[in-house]
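Q: I would like to go through a protein structure with you. Could we begin with a single residue and then widen the view?
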Amino acid sequence: MTGGVRKRTGFSKLLVVLLFFVCAIVIVALLVRGNGCCVVVQVAVLPRITSVGSSWDASPTATTQSGKTIIPATSTRGASSPAHDLQEDSEAVSASEEEEAPAAAAAPYAADSRWNIQWESVASVLSSFSSNGTGRRGIARVGLLNFNSSEVARWTSTLPAADVRAVSLAPAADAVTWQALYPNWIDEESNRSSCPTLPNPDAAPHHHNFDLVAVKLPCRGQDWSRDVRRLHLQLAAAKLTLHGSSSSSSKAGMVLILSESGCLPLPNLFPCKHLFARRGHAFLYRPEATYLRHRLNLPVGSCQLAVPFLRPSPTKLPSATPPGTSRTSRQAYATVLHSADAYVCGAIALAQSIRQSGSTRDLVALVDAHNVGAEHRAALAAAGWQVRLAPRIRNPHAEANAYNEWNYSKFRLWQLTDYEKVVFLDADLLVLRNMDFLFEEAPELSATVNSGARFNSGVMVLEPCSCTFDLLMSGIHDIESYNGGDQGYLNEVFTWWHRLPRHVNFLKYVWAEGDRAAQARMLTAEPAEVHAVHYLGMKPWLCYRDYDCNWNVAELRRFASDEAHARWWAVHDRIEPAELRDRFCALPTSHMEVLEQQRREAATVNAPDGHWNRTITDPRRRIKAHYHH
């Protein structure tokens, strides 16, 4: 018995020794394969103190600091107790939350970008890039904005030879709303109003020269075009695509914008003239570095002026640069006449006022031949306009014979492709001070504020391009205009517009009676403080020259200004040849009857301004009366 016991005891010891060596071998093997098992032990035993640096390696699927995505091998986790499983799962959730922070920074608006990418469209666009001769081999560095970890992994597999990096971008603060970017009022005189800041993308300088920057845009709600998130991501993509920090660098990478159908990229940050290829919702752009740098130096919204407000008062007219020189030959002022002859007189005065300001830029009038007769077109040419026939465009949402039925004709301005830049002026404007600086300093689309986040389309700086015209035409049946006209439509397309000083398009409008004295001082200043006056309400050439006839109609008195009225007639009297003003600014008999009726109605209610009681000396009244009898 004793010997049997000893044998069994010896055998047991041998078995324990063998098991010890087997466990040792298993542990060493696990350590060689990886430290997954050790991580479980650490998670179970160590207190929850995890440094930011260590969290990068702990996630089963993590985004590294370099931006690459790590796809884990098959789990080596073995059987364990339910209690251990519960503890491990709890710890894994906590670790996952910490480790997802970098991915969230790389995709700050991922929650609003949950739509499936059409990877076949991405592959097709990249193939078009390849077929152009550059090839995918030319894409060595790729920066990604707003993609989740699985999408980053897909990019890595799509471009296996490239250095694919998810770039971190902190989201805009909640206080940064579209209203904050586009306030109704700012202090234009001092231009000390501040704009909200949008965080810059976080890319290491030596990784900044991306050959391709891809960004996934959110598209949520009806007002998607005024989405701070979309604007922020597109500006960040533009910054990443520029090579180097030098302002003289002319290099820029490609930009691939992924956006759901119907939600288009910003047309004046990524214009269609820079569009290299489009497949489905994938837009591949080849931007010009100089173009992007200029845009990125602009205020982020209308919260600041795009050009200075105050300029030195000229002691003499600007030096005349001969027309046709390289500096001016690709720049023009333009106006549009599409419905009737009624605005021809205004356009004649506008041309004369531009020349009287010292400008030598081309003057182009787009005219519909069926509604503006040959005699009136000849008068426009005599006044200085280059008359170009442009078939008018009907607003499909307007009623027949309504005021806005044909005002989409303004879209034809983008067909003036023989010019690099055009300053559009409505025919009911008058230039009092040289505006040529707009050609050099203001980008597309620059305008003055109308109300809130919307601009007034009476003065616009634009850059003609046939594909922009096609873009505008493609949406006329779908895009809703808030005011039923071209202004509302253009505001829906160019939501990222740039603010010009209100003196560039000074609206003849009084918000409150107490403002009249200040407006009068501004309009009578010499030299002129205002660059251009926009004559809202009844037009001066359709009033008696003696006073502004808007005074006689209660609903129109807000548009009345004797000082602005006198300014227009001063230019009228200098129109050359004189025959233009005598023949084409005459007062129609039918309209004269309307003016007399309005005078009588103002007299009946004893309108307090008393303009109705003035003696009319306008010679056009006597001439017309003579012809009438």
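Q: Is Ala 369 buried, partly exposed or exposed?
A: Ala 369 is partly exposed, with a relative accessible area of 32%. Buried means under 20% relative accessible area, exposed means over 50%, and partly exposed lies in between (1.4 Å probe, protein chains only). Please note that this is a predicted model, in which local features need pLDDT of at least 70, side-chain atom pairs count only at pLDDT 80 or more, and totals for chains, interfaces and linings use all residues. Residues are numbered from 1 along each chain as its sequence is written, and side-chain values use heavy atoms, with hydrogens and water left out.

Q: Where does Ala 369 lie?
A: Ala 369 is in the loop between β10 (362-367) and α10 (374-383). Helices (H or I, at least four residues) and strands (E, at least two) are DSSP runs, numbered from the N terminus.

Q: Which residues does Ala 369 touch?
A: Leaving aside residues up to four places away in sequence, Ala 369 touches Arg 377 and Leu 389. Contact means heavy atoms within 4.5 Å.

Q: Let us change topic. How many helices and strands are in the protein chain?
A: The protein chain has 18 helices and 18 strands. Of its 629 residues, 49% are buried.

Q: Which residues of α17 are buried?
A: In α17, the buried residues are His 591, Met 592, Leu 595, Glu 596, Gln 598, Arg 599 and Ala 602. They cover an arc of only 160° around the axis, which puts them on the same side of α17. The arc is that of the directions from the helix axis to the C-beta atoms.

Q: And which residues are exposed on the other side of α17?
A: Ser 590, Glu 593 and Thr 604 are exposed there.

Q: What about α12: which of its residues are buried?
A: Helix α12 (residues 466-474) has Thr 468, Phe 469 and Leu 472 as its buried residues. Seen down the axis of α12, they fall within an arc of 105°, so they line one face of the helix. Their cover includes α13 (486-493).

Q: Now to charges. How many salt bridges does the count come to?
A: The count comes to 27 salt bridges. A salt bridge is a side-chain nitrogen of Lys or Arg within 4 Å of a carboxyl oxygen of Asp or Glu.

Q: With which residue does Glu 188 form a salt bridge?
A: Glu 188 forms a salt bridge with Arg 502, and their closest N and O atoms are 3.4 Å apart. Glu 188 lies in the loop between α6 (178-181) and β5 (212-216), while Arg 502 lies in the loop between β16 (498-499) and β17 (506-507), so the pair ties together parts that are 314 residues apart in sequence. Glu 188 counts as buried at 2% relative accessibility, whereas Arg 502 counts as partly exposed at 30%.

Q: Which residues are linked with them in a network of salt bridges?
A: The network links Glu 188, Glu 189, Arg 499 and Arg 502.

Q: Back to α17: where do Glu 596 and Arg 599 lie relative to each other?
A: Both are in helix α17, three residues apart, about one turn of the helix.

Q: What does the side chain of Arg 621 meet in a salt bridge?
A: The side chain of Arg 621 meets that of Glu 596 (3.4 Å, N to O). Arg 621 lies in helix α18 (residues 619-628) and Glu 596 in helix α17, so the pair ties together parts that are 25 residues apart in sequence.
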